[in-house]
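Subject: Structure handover

Hello,

Here is the structure for you to look over. My notes on it follow below.

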Amino acid sequence: MKIKSFFSMFCLLFLFSACLSTKSTLKNVDENAPNPKITAENTFLITEFSKDPKYGFDPDYPINLYFRNLKEETNNLNRYFNALTGPKGEKVFFKKTDTCCPFPTKKSEMGAGYIDIYEVTWVGQKKPIQVYINIFEKGVLMVPMGFGLKK
């Protein structure tokens, strides 16, 4: 019985490690990025608009929100998305639709992180937009192309 159990654990570990690269493919991690300031409306104070069409729209160029505990994860997601608008100032709505793309990180007890995929919509939009969010690593927070910023 112990051998069967050991074999099962070994297989699971092997499968997990086979899916996880030992090198991160993330291209926009910046450990020196300043921590974003928070406005009186409890949103992030974002001042930069991305000029990179991949920023937020490619899993290798996710929006890096970085958090220190689980409570911050939800708060930071709300702070980020509530700072954005549609291209004409429309209120945006967001929902998590999937998780993908495991990568190695020292900021997780498991030694691995993942990218969350969010669907973003606003009134009058023809097709939802898919953005990639990384909660484990740090980077400069910007407005992705095609979005606006609350005033």
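The protein chain has 2 helices and 8 strands. Helices (H or I, at least four residues) and strands (E, at least two) are DSSP runs, numbered from the N terminus. Along the sequence they follow the pattern α-β-β-α-β-β-β-β-β-β.

Two notes on how to read this. This is a predicted model, so to speak of a local feature we need pLDDT of at least 70, side-chain atom pairs count only at pLDDT 80 or more, and totals for chains, interfaces and linings use all residues. Residues are numbered from 1 along each chain as its sequence is written, and side-chain values use heavy atoms, with hydrogens and water left out.

**The chain overall**

Of the 151 residues in the protein chain, 37% are buried. Buried means under 20% relative accessible area, exposed means over 50%, and partly exposed is in between (1.4 Å probe, protein chains only). The accessible surface of the chain is about 9800 Å², and carbon and sulfur atoms hold 60% of that. These areas come from the Shrake-Rupley method with a 1.4 Å probe; for residues, only the protein chains shown count as cover.

Contacts reach across the sequence. Take those between residues at least 6 apart in sequence: 67% of them join residues at least 24 apart. Contact here means heavy atoms within 4.5 Å.

**The core**

The largest nonpolar core has 29 residues. Such a core is a set of buried Ala, Val, Leu, Ile, Met, Phe, Trp, Tyr and Cys residues joined through side-chain atoms within 4.5 Å. Leu 65, Tyr 80, Phe 81, Ile 133 and Phe 147 have the most contacts inside this core. The elements that give two or more residues to it are α2 (70–81), β4, β5, β6 and β7. β5 supplies the largest share, 5 residues.

Neighbours within four places in sequence aside, Leu 65 touches Phe 44, Asn 76, Leu 77, Tyr 80, Ile 133, Asn 134, Glu 137 and Leu 141.

**Strand β5 and its partners**

β5 is mostly covered, with 8 of its 11 residues buried. β4 and β5 pair in the antiparallel sense over 10 bridges. Two strands pair if DSSP finds at least two bridges between them. Cys 100 has Ile 115 in β5 as its bridge partner.

β5 also runs antiparallel to β6, joined by 6 bridges. Here Ile 117 stands opposite Tyr 132 in β6. The hairpin of β5 and β6 has 6 residues between the strands, and Gly 124 in this hairpin takes a positive phi near 90°.

**Salt bridges**

The structure holds 4 salt bridges. A salt bridge is a side-chain nitrogen of Lys or Arg within 4 Å of a carboxyl oxygen of Asp or Glu.

- Glu 31 and Lys 107 meet through their side chains at 2.5 Å, N to O. Glu 31 sits in the loop between α1 (2–19) and β1 (48–49), and Lys 107 in the loop between β4 (92–104) and β5 (112–122), 76 residues apart. Glu 31 is partly exposed at 41% relative accessible area. Lys 107 is partly exposed too, at 33%.
- Lys 107 also bridges to Glu 137, the closest N and O atoms being 3.0 Å apart. Glu 137 lies in the loop between β6 (129–134) and β7 (142–143), so this pair ties together parts that are 30 residues apart in sequence. Shared partners join Glu 31, Lys 107 and Glu 137 into one salt-bridge network. Glu 137 is buried, with a relative accessible area of 8%.
- Lys 95 forms a salt bridge with Glu 119, with 4.0 Å between the closest N and O atoms. Lys 95 is in strand β4 and Glu 119 in strand β5, 24 residues apart. Lys 95 is partly exposed at 49%, and Glu 119 at 27%.

**Asn 64**

Is Asn 64 buried or exposed? Asn 64 is buried, with a relative accessible area of 3%. Asn 64 lies in strand β2 (residues 63–64). A polar atom of the Asn 64 side chain lies 3.1 Å from the backbone oxygen of Asn 28. Beyond neighbours within four places in sequence, Asn 64 is in contact with residues including Asn 28, Val 29, Asn 134 and Glu 137.

Best wishes

Notes: A polar contact is a pair of N or O atoms within 3.5 Å; within protein, one must be able to donate a hydrogen and the other to accept it, and residues adjacent in sequence count only if both atoms are side-chain atoms.
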